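Let's take a walk through a protein model together. Keep the structure open beside you as you read.

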Amino acid sequence: MSHGFSKKNQSADETAYRFSDFVLYPRDRLLKKGTASVLLEPKAFDALLCLVRAAEHLVSKQELRQILWPDVHVSERNLTNLIVRLRKILGRDAIRTVSKHGYRFELPVSGEPGVKRETYEKFVRARELTAQRSLESMLVARDLCWTCLAENPNFAPAWAWLGRCCWFLDKFSGGTSAGPELAETAFQRAFVLDPDLASAHQFYTLLQVDMGRADEAMTRLFRRLQYHPTEPESFSSLVQVLRFRGLLGESVSAHKRAVELDPGTTTSVAHTHFLAGKYKTAIEAYSGRAGYYLDAAAWAALDDRRQATVLLRERLRKTQFSKLITALMTSLLAVLEGKKTDAARIMEEADTSREPEILLYFARHYCHLGLLDPSIRALEIAARSGFICAPETLELDPWFGLLGKHRHFGSLLSTAHAFVGEARSTFATYADSSKFFR
(Lines give C-alpha, C1' and ligand atoms only; values in the text may rest on other atoms or scores of the structure.)
Protein backbone atom coordinates (compact mmCIF):
# COMPACT_ATOMS: atom_id res chain seq x y z
CA MET A 1 0.00 0.00 0.00
CA SER A 2 1.22 3.44 -0.88
CA HIS A 3 0.23 6.02 1.70
CA GLY A 4 3.26 8.30 1.56
CA PHE A 5 4.80 7.15 4.83
CA SER A 6 8.32 8.10 5.86
CA LYS A 7 11.18 5.80 4.88
CA LYS A 8 13.51 7.19 7.50
CA ASN A 9 14.71 5.14 10.45
CA GLN A 10 13.07 1.96 9.18
CA SER A 11 15.68 -0.36 10.62
CA ALA A 12 15.34 0.41 14.32
CA ASP A 13 12.56 0.56 16.87
CA GLU A 14 11.78 3.98 18.27
CA THR A 15 13.24 4.75 21.69
CA ALA A 16 11.28 7.92 22.37
CA TYR A 17 7.91 9.62 22.33
CA ARG A 18 7.63 12.24 19.57
CA PHE A 19 5.25 15.19 19.57
CA SER A 20 5.45 18.54 17.79
CA ASP A 21 9.14 19.54 17.72
CA PHE A 22 9.94 17.52 20.82
CA VAL A 23 11.42 14.09 21.49
CA LEU A 24 11.06 12.52 24.96
CA TYR A 25 13.45 9.68 25.86
CA PRO A 26 12.10 7.82 28.94
CA ARG A 27 15.13 5.59 29.45
CA ASP A 28 17.59 8.50 29.30
CA ARG A 29 15.21 10.88 31.08
CA LEU A 30 15.87 13.41 28.34
CA LEU A 31 13.69 15.92 26.51
CA LYS A 32 14.93 17.45 23.28
CA LYS A 33 13.54 20.18 21.07
CA GLY A 34 15.04 19.68 17.66
CA THR A 35 18.67 18.91 18.40
CA ALA A 36 18.81 20.89 21.66
CA SER A 37 18.36 19.31 25.07
CA VAL A 38 15.72 20.89 27.31
CA LEU A 39 16.46 21.10 31.01
CA LEU A 40 13.72 19.53 33.11
CA GLU A 41 13.68 18.94 36.84
CA PRO A 42 12.91 15.31 37.80
CA LYS A 43 9.32 15.93 38.93
CA ALA A 44 8.52 17.87 35.77
CA PHE A 45 9.96 15.07 33.63
CA ASP A 46 7.90 12.44 35.47
CA ALA A 47 4.74 14.54 35.10
CA LEU A 48 5.35 15.02 31.38
CA LEU A 49 6.03 11.32 30.84
CA CYS A 50 2.80 10.39 32.62
CA LEU A 51 0.79 12.84 30.52
CA VAL A 52 2.37 11.80 27.22
CA ARG A 53 1.81 8.10 27.92
CA ALA A 54 -1.88 8.88 28.40
CA ALA A 55 -2.07 11.37 25.52
CA GLU A 56 -5.64 12.39 24.65
CA HIS A 57 -6.89 10.89 27.91
CA LEU A 58 -7.52 12.57 31.24
CA VAL A 59 -4.90 12.08 33.93
CA SER A 60 -6.36 12.92 37.32
CA LYS A 61 -4.66 15.17 39.81
CA GLN A 62 -4.78 12.32 42.30
CA GLU A 63 -2.92 10.00 39.93
CA LEU A 64 -0.26 12.61 39.22
CA ARG A 65 0.25 13.31 42.91
CA GLN A 66 0.61 9.59 43.65
CA ILE A 67 3.27 9.27 40.95
CA LEU A 68 5.17 12.42 41.82
CA TRP A 69 4.86 12.49 45.61
CA PRO A 70 4.05 8.96 46.85
CA ASP A 71 3.37 8.77 50.59
CA VAL A 72 3.86 12.53 50.92
CA HIS A 73 1.08 15.08 51.30
CA VAL A 74 1.64 18.17 49.18
CA SER A 75 -0.62 21.07 48.30
CA GLU A 76 -2.27 21.26 44.90
CA ARG A 77 -0.17 24.30 44.11
CA ASN A 78 2.92 22.10 43.75
CA LEU A 79 1.26 20.25 40.87
CA THR A 80 -0.13 23.45 39.36
CA ASN A 81 3.34 25.02 39.33
CA LEU A 82 4.77 21.97 37.56
CA ILE A 83 2.13 22.20 34.84
CA VAL A 84 2.80 25.90 34.42
CA ARG A 85 6.51 25.23 33.91
CA LEU A 86 5.79 22.49 31.38
CA ARG A 87 3.48 24.81 29.43
CA LYS A 88 6.20 27.43 29.24
CA ILE A 89 8.40 24.84 27.53
CA LEU A 90 5.83 23.04 25.35
CA GLY A 91 3.38 25.83 24.65
CA ARG A 92 0.31 26.95 26.57
CA ASP A 93 -2.05 24.69 24.60
CA ALA A 94 0.04 21.53 25.01
CA ILE A 95 -1.60 20.57 28.32
CA ARG A 96 -5.29 21.14 28.84
CA THR A 97 -6.79 21.61 32.29
CA VAL A 98 -9.92 19.57 32.93
CA SER A 99 -11.49 21.71 35.61
CA LYS A 100 -11.37 20.24 39.13
CA HIS A 101 -10.17 16.86 37.89
CA GLY A 102 -6.83 16.84 36.12
CA TYR A 103 -4.99 17.38 32.84
CA ARG A 104 -4.90 16.07 29.31
CA PHE A 105 -1.91 16.10 26.94
CA GLU A 106 -3.18 17.69 23.72
CA LEU A 107 -0.24 17.54 21.30
CA PRO A 108 -0.52 14.73 18.72
CA VAL A 109 1.94 11.95 19.51
CA SER A 110 3.69 10.72 16.36
CA GLY A 111 5.92 8.03 17.86
CA GLU A 112 6.41 5.93 20.97
CA PRO A 113 9.12 3.63 22.34
CA GLY A 114 9.23 0.12 20.97
CA VAL A 115 7.49 0.95 17.69
CA LYS A 116 9.22 1.91 14.47
CA ARG A 117 8.54 5.38 13.16
CA GLU A 118 6.94 4.23 9.90
CA THR A 119 4.79 1.72 11.79
CA TYR A 120 3.50 4.42 14.09
CA GLU A 121 2.78 6.67 11.11
CA LYS A 122 0.54 3.97 9.68
CA PHE A 123 -1.17 3.57 13.04
CA VAL A 124 -1.88 7.30 13.31
CA ARG A 125 -3.33 7.27 9.79
CA ALA A 126 -5.52 4.28 10.70
CA ARG A 127 -6.95 6.14 13.68
CA GLU A 128 -7.70 9.17 11.51
CA LEU A 129 -9.54 7.00 8.99
CA THR A 130 -11.50 5.24 11.72
CA ALA A 131 -12.92 8.58 12.83
CA GLN A 132 -14.62 8.95 9.41
CA ARG A 133 -16.85 5.93 10.21
CA SER A 134 -17.45 4.93 6.60
CA LEU A 135 -17.08 1.41 5.24
CA GLU A 136 -14.37 2.55 2.83
CA SER A 137 -12.30 4.33 5.48
CA MET A 138 -12.70 1.41 7.91
CA LEU A 139 -11.44 -1.06 5.31
CA VAL A 140 -8.29 0.97 4.76
CA ALA A 141 -7.85 1.50 8.51
CA ARG A 142 -8.18 -2.25 9.12
CA ASP A 143 -5.53 -3.03 6.52
CA LEU A 144 -3.20 -0.43 8.02
CA CYS A 145 -3.65 -2.00 11.47
CA TRP A 146 -2.83 -5.42 10.01
CA THR A 147 0.32 -3.95 8.46
CA CYS A 148 1.32 -2.41 11.79
CA LEU A 149 0.90 -5.77 13.50
CA ALA A 150 2.84 -7.59 10.81
CA GLU A 151 5.68 -5.20 11.57
CA ASN A 152 5.19 -5.30 15.34
CA PRO A 153 2.95 -8.10 16.74
CA ASN A 154 3.30 -6.68 20.27
CA PHE A 155 1.81 -3.27 19.44
CA ALA A 156 -1.20 -3.39 21.79
CA PRO A 157 -3.02 -0.23 20.57
CA ALA A 158 -2.95 -1.56 17.00
CA TRP A 159 -4.70 -4.74 18.20
CA ALA A 160 -7.38 -2.63 19.92
CA TRP A 161 -8.01 -0.49 16.85
CA LEU A 162 -8.01 -3.59 14.65
CA GLY A 163 -10.76 -5.02 16.84
CA ARG A 164 -12.70 -1.78 16.47
CA CYS A 165 -12.40 -1.86 12.66
CA CYS A 166 -13.27 -5.54 12.37
CA TRP A 167 -16.38 -5.19 14.50
CA PHE A 168 -17.58 -2.09 12.62
CA LEU A 169 -17.11 -3.79 9.26
CA ASP A 170 -18.82 -6.98 10.42
CA LYS A 171 -21.71 -4.99 11.83
CA PHE A 172 -22.38 -2.68 8.91
CA SER A 173 -21.27 -4.61 5.83
CA GLY A 174 -23.42 -7.69 6.16
CA GLY A 175 -21.31 -9.65 8.61
CA THR A 176 -19.50 -12.98 8.39
CA SER A 177 -19.28 -15.90 10.78
CA ALA A 178 -15.63 -15.04 11.39
CA GLY A 179 -16.19 -11.33 12.07
CA PRO A 180 -17.06 -11.44 15.79
CA GLU A 181 -14.41 -14.07 16.48
CA LEU A 182 -11.73 -11.98 14.77
CA ALA A 183 -12.72 -8.83 16.67
CA GLU A 184 -12.84 -10.75 19.97
CA THR A 185 -9.39 -12.22 19.32
CA ALA A 186 -7.94 -8.79 18.54
CA PHE A 187 -9.30 -7.30 21.76
CA GLN A 188 -8.13 -10.22 23.88
CA ARG A 189 -4.65 -9.91 22.39
CA ALA A 190 -4.64 -6.21 23.27
CA PHE A 191 -5.61 -7.04 26.86
CA VAL A 192 -2.85 -9.64 27.13
CA LEU A 193 -0.26 -7.10 26.00
CA ASP A 194 -1.69 -4.20 28.03
CA PRO A 195 -4.52 -5.06 30.46
CA ASP A 196 -4.97 -1.37 31.30
CA LEU A 197 -5.23 -0.07 27.71
CA ALA A 198 -8.04 2.50 27.74
CA SER A 199 -8.89 2.28 24.04
CA ALA A 200 -9.24 -1.51 24.24
CA HIS A 201 -11.70 -1.25 27.13
CA GLN A 202 -13.67 1.46 25.35
CA PHE A 203 -13.93 -0.36 22.01
CA TYR A 204 -14.57 -3.78 23.56
CA THR A 205 -17.74 -2.39 25.11
CA LEU A 206 -19.21 -1.89 21.62
CA LEU A 207 -18.73 -5.57 20.80
CA GLN A 208 -20.02 -6.81 24.14
CA VAL A 209 -23.29 -4.88 24.09
CA ASP A 210 -24.09 -5.78 20.49
CA MET A 211 -23.37 -9.44 21.20
CA GLY A 212 -25.81 -9.53 24.11
CA ARG A 213 -23.20 -9.22 26.85
CA ALA A 214 -24.06 -5.84 28.32
CA ASP A 215 -24.04 -7.38 31.80
CA GLU A 216 -20.41 -8.43 31.34
CA ALA A 217 -19.54 -4.98 30.02
CA MET A 218 -21.14 -3.27 33.01
CA THR A 219 -19.19 -5.43 35.48
CA ARG A 220 -15.91 -4.89 33.63
CA LEU A 221 -16.36 -1.10 33.42
CA PHE A 222 -17.24 -0.72 37.09
CA ARG A 223 -14.23 -2.77 38.08
CA ARG A 224 -12.10 -0.54 35.89
CA LEU A 225 -13.56 2.55 37.56
CA GLN A 226 -12.37 1.25 40.91
CA TYR A 227 -8.83 1.88 39.64
CA HIS A 228 -9.61 4.79 37.30
CA PRO A 229 -12.50 6.64 38.99
CA THR A 230 -12.02 9.79 36.89
CA GLU A 231 -11.84 8.18 33.44
CA PRO A 232 -14.52 9.85 31.29
CA GLU A 233 -14.31 7.16 28.59
CA SER A 234 -15.55 4.51 31.03
CA PHE A 235 -18.55 6.63 31.98
CA SER A 236 -19.19 7.32 28.30
CA SER A 237 -19.25 3.57 27.65
CA LEU A 238 -21.61 3.08 30.59
CA VAL A 239 -24.14 5.40 28.95
CA GLN A 240 -24.73 2.77 26.26
CA VAL A 241 -24.35 -0.25 28.54
CA LEU A 242 -26.89 0.99 31.08
CA ARG A 243 -29.37 1.88 28.34
CA PHE A 244 -29.07 -1.64 26.93
CA ARG A 245 -29.99 -2.95 30.37
CA GLY A 246 -33.03 -0.67 30.61
CA LEU A 247 -31.52 1.70 33.18
CA LEU A 248 -32.34 5.05 31.56
CA GLY A 249 -31.89 7.30 34.60
CA GLU A 250 -28.57 5.68 35.42
CA SER A 251 -27.49 6.07 31.78
CA VAL A 252 -28.14 9.82 31.95
CA SER A 253 -26.21 10.01 35.24
CA ALA A 254 -23.23 8.29 33.59
CA HIS A 255 -23.37 10.88 30.80
CA LYS A 256 -23.42 13.76 33.29
CA ARG A 257 -20.42 12.31 35.10
CA ALA A 258 -18.49 11.82 31.84
CA VAL A 259 -19.12 15.41 30.76
CA GLU A 260 -18.30 16.72 34.22
CA LEU A 261 -14.93 14.98 34.00
CA ASP A 262 -14.34 16.16 30.43
CA PRO A 263 -16.73 18.62 28.77
CA GLY A 264 -15.47 17.48 25.36
CA THR A 265 -16.63 13.89 25.87
CA THR A 266 -19.25 12.61 23.45
CA THR A 267 -21.72 9.91 24.47
CA SER A 268 -24.83 8.21 23.11
CA VAL A 269 -27.08 9.92 25.66
CA ALA A 270 -29.32 11.28 22.88
CA HIS A 271 -30.65 7.74 22.42
CA THR A 272 -31.27 7.47 26.17
CA HIS A 273 -33.23 10.74 26.19
CA PHE A 274 -35.26 9.47 23.23
CA LEU A 275 -36.23 6.27 25.04
CA ALA A 276 -37.14 8.32 28.11
CA GLY A 277 -39.59 10.30 25.95
CA LYS A 278 -37.57 13.53 26.16
CA TYR A 279 -37.60 14.13 22.42
CA LYS A 280 -36.58 17.80 22.39
CA THR A 281 -33.67 17.01 24.69
CA ALA A 282 -32.72 14.13 22.40
CA ILE A 283 -32.69 16.47 19.39
CA GLU A 284 -30.45 18.94 21.25
CA ALA A 285 -28.06 16.20 22.37
CA TYR A 286 -27.96 14.76 18.84
CA SER A 287 -27.07 18.06 17.17
CA GLY A 288 -23.49 18.92 16.24
CA ARG A 289 -22.74 15.50 14.76
CA ALA A 290 -23.28 13.77 11.43
CA GLY A 291 -26.88 12.77 11.98
CA TYR A 292 -28.89 10.11 10.23
CA TYR A 293 -31.97 8.82 12.10
CA LEU A 294 -32.55 9.78 15.72
CA ASP A 295 -33.51 13.45 15.40
CA ALA A 296 -35.86 12.60 12.54
CA ALA A 297 -37.52 9.96 14.72
CA ALA A 298 -37.78 12.49 17.56
CA TRP A 299 -39.44 15.07 15.30
CA ALA A 300 -41.88 12.38 14.19
CA ALA A 301 -42.64 11.52 17.83
CA LEU A 302 -43.37 15.23 18.35
CA ASP A 303 -45.82 15.05 15.42
CA ASP A 304 -43.67 17.21 13.15
CA ARG A 305 -43.72 14.78 10.24
CA ARG A 306 -42.69 17.38 7.72
CA GLN A 307 -39.40 18.13 9.50
CA ALA A 308 -38.71 14.42 9.96
CA THR A 309 -39.38 13.69 6.29
CA VAL A 310 -37.19 16.56 5.08
CA LEU A 311 -34.27 15.39 7.22
CA LEU A 312 -34.52 11.79 6.05
CA ARG A 313 -34.87 12.61 2.36
CA GLU A 314 -31.99 15.07 2.38
CA ARG A 315 -29.60 12.71 4.18
CA LEU A 316 -30.49 9.71 2.04
CA ARG A 317 -29.92 11.82 -1.07
CA LYS A 318 -26.54 13.21 0.03
CA THR A 319 -24.95 10.29 1.89
CA GLN A 320 -24.41 6.60 1.23
CA PHE A 321 -25.16 4.75 4.45
CA SER A 322 -24.69 1.08 5.32
CA LYS A 323 -27.50 -1.31 4.41
CA LEU A 324 -28.75 -1.49 7.98
CA ILE A 325 -28.80 2.26 8.60
CA THR A 326 -30.42 2.78 5.20
CA ALA A 327 -33.11 0.28 6.18
CA LEU A 328 -33.67 2.10 9.46
CA MET A 329 -34.05 5.46 7.73
CA THR A 330 -36.08 4.34 4.73
CA SER A 331 -38.47 2.32 6.87
CA LEU A 332 -39.21 5.40 8.99
CA LEU A 333 -39.65 7.46 5.83
CA ALA A 334 -42.09 4.87 4.48
CA VAL A 335 -44.02 4.95 7.77
CA LEU A 336 -44.29 8.73 7.59
CA GLU A 337 -45.43 8.59 3.97
CA GLY A 338 -48.08 6.00 4.74
CA LYS A 339 -46.38 3.23 2.75
CA LYS A 340 -47.19 0.41 5.14
CA THR A 341 -46.27 -2.49 2.87
CA ASP A 342 -42.93 -0.93 1.89
CA ALA A 343 -42.02 -0.17 5.49
CA ALA A 344 -42.80 -3.72 6.63
CA ARG A 345 -40.84 -5.25 3.77
CA ILE A 346 -37.77 -3.09 4.45
CA MET A 347 -37.73 -4.08 8.12
CA GLU A 348 -38.32 -7.77 7.45
CA GLU A 349 -35.38 -7.89 5.03
CA ALA A 350 -32.95 -6.03 7.32
CA ASP A 351 -30.23 -8.00 9.13
CA THR A 352 -30.27 -6.79 12.74
CA SER A 353 -28.23 -9.67 14.17
CA ARG A 354 -25.36 -7.29 15.04
CA GLU A 355 -27.50 -4.34 16.20
CA PRO A 356 -30.20 -5.27 18.72
CA GLU A 357 -31.00 -1.64 19.57
CA ILE A 358 -32.29 -1.06 16.04
CA LEU A 359 -34.94 -3.71 16.74
CA LEU A 360 -36.41 -1.30 19.28
CA TYR A 361 -36.84 1.35 16.59
CA PHE A 362 -38.29 -1.19 14.19
CA ALA A 363 -40.74 -2.23 16.90
CA ARG A 364 -41.91 1.38 17.16
CA HIS A 365 -42.38 1.55 13.39
CA TYR A 366 -44.40 -1.68 13.34
CA CYS A 367 -46.61 -0.59 16.21
CA HIS A 368 -47.27 2.82 14.68
CA LEU A 369 -48.45 1.03 11.53
CA GLY A 370 -50.77 -1.15 13.62
CA LEU A 371 -48.65 -4.27 13.08
CA LEU A 372 -48.62 -5.41 16.70
CA ASP A 373 -47.42 -9.00 16.25
CA PRO A 374 -44.19 -7.97 14.45
CA SER A 375 -43.70 -5.20 17.03
CA ILE A 376 -43.91 -7.63 19.96
CA ARG A 377 -41.69 -10.10 18.12
CA ALA A 378 -39.02 -7.44 17.47
CA LEU A 379 -38.96 -6.48 21.15
CA GLU A 380 -38.69 -10.12 22.22
CA ILE A 381 -35.80 -10.74 19.81
CA ALA A 382 -34.10 -7.57 21.05
CA ALA A 383 -34.36 -8.81 24.65
CA ARG A 384 -32.93 -12.22 23.72
CA SER A 385 -30.13 -10.40 21.90
CA GLY A 386 -29.25 -8.31 24.95
CA PHE A 387 -31.24 -5.09 24.55
CA ILE A 388 -33.91 -4.61 27.22
CA CYS A 389 -36.52 -2.00 26.40
CA ALA A 390 -37.11 0.05 29.54
CA PRO A 391 -40.63 -0.36 30.98
CA GLU A 392 -41.21 3.41 30.86
CA THR A 393 -40.57 3.36 27.11
CA LEU A 394 -43.11 0.58 26.60
CA GLU A 395 -45.71 2.42 28.67
CA LEU A 396 -45.14 6.06 27.65
CA ASP A 397 -43.79 6.15 24.09
CA PRO A 398 -46.69 7.47 21.92
CA TRP A 399 -45.61 5.23 19.04
CA PHE A 400 -46.16 2.24 21.34
CA GLY A 401 -49.65 3.47 22.17
CA LEU A 402 -51.42 0.51 20.57
CA LEU A 403 -49.11 -2.10 22.06
CA GLY A 404 -51.04 -2.33 25.32
CA LYS A 405 -53.90 -3.95 23.41
CA HIS A 406 -51.78 -6.96 22.44
CA ARG A 407 -52.42 -10.16 24.39
CA HIS A 408 -48.71 -10.60 25.14
CA PHE A 409 -48.03 -7.03 26.26
CA GLY A 410 -48.51 -7.83 29.95
CA SER A 411 -45.95 -10.62 29.94
CA LEU A 412 -43.55 -8.50 27.87
CA LEU A 413 -43.81 -5.65 30.37
CA SER A 414 -43.44 -8.02 33.33
CA THR A 415 -40.32 -9.54 31.79
CA ALA A 416 -38.86 -6.08 31.18
CA HIS A 417 -39.45 -5.11 34.82
CA ALA A 418 -37.72 -8.32 35.96
CA PHE A 419 -34.68 -7.77 33.74
CA VAL A 420 -34.37 -4.12 34.79
CA GLY A 421 -34.74 -5.04 38.45
CA GLU A 422 -31.91 -7.52 38.14
CA ALA A 423 -29.76 -4.97 36.31
CA ARG A 424 -30.47 -2.31 38.93
CA SER A 425 -29.42 -4.72 41.67
CA THR A 426 -26.12 -5.36 39.91
CA PHE A 427 -25.70 -1.64 39.37
CA ALA A 428 -26.21 -0.95 43.07
CA THR A 429 -23.55 -3.53 43.93
CA TYR A 430 -20.88 -1.62 42.04
CA ALA A 431 -22.09 1.95 41.73
CA ASP A 432 -21.51 3.44 45.14
CA SER A 433 -23.08 6.78 44.32
CA SER A 434 -20.71 8.64 46.63
CA LYS A 435 -17.77 7.34 44.64
CA PHE A 436 -18.75 7.05 40.99
CA PHE A 437 -21.70 9.37 40.38
CA ARG A 438 -21.15 12.20 42.81
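At what angle do helix α5 and helix α6 pack, and how far apart are their axes? Before the answer, some ground rules: this is a predicted model, where local features need pLDDT of at least 70, side-chain atom pairs count only at pLDDT 80 or more, and totals for chains, interfaces and linings use all residues. Residues are numbered from 1 along each chain as its sequence is written, and side-chain values use heavy atoms, with hydrogens and water left out.

Now the helices. Two packed helices are described by the angle between their axes and the distance between the axes. Here α5 (residues 135–151) and α6 (residues 156–172) pack at about 145°, with the axes 9 Å apart. Axes are lines fitted to C-alpha atoms, for helices over the stretch in contact, and angles run from 0 to 180 degrees between N-to-C directions. Helices (H or I, at least four residues) and strands (E, at least two) are DSSP runs, numbered from the N terminus.

Next, find the open sheet of three strands, in the order β5-β7-β6 with antiparallel pairing. Two strands pair if DSSP finds at least two bridges between them. Because β5 (58–60) and β6 (95–98) stand at the edges with a single partner strand each, one side of each has no neighbour in the sheet. β5 and β7 (residues 102–105) share three bridges, and Val59 has Tyr103 as its bridge partner. β6 and β7 pair over four bridges, with Ile95 opposite Phe105. These two strands form a hairpin with three residues between them, and Lys100 in the turn has a positive phi of about 75°. Lying across β5, β6 and β7 is helix α1 (residues 42–53), which runs at about 65° to β7.

Finally, look at the rings. The structure holds 19 aromatic pairs (rings of Phe, Tyr and Trp, its six-membered ring, with centres within 6.5 Å; planes under 30 degrees apart are stacked, over 60 edge-to-face, the rest tilted). One of them is Phe222 with Phe427, edge-to-face at 5.6 Å centre to centre and 75° between the planes. This pair links distant parts of the chain, 205 residues apart: Phe222 sits in helix α9 (residues 214–227) and Phe427 in helix α21 (residues 409–430). Elsewhere, ring pairs link Tyr120, Phe123, Phe155, Trp161 and Phe203 into a cluster.

Terms used
Contact = heavy atoms within 4.5 Å.
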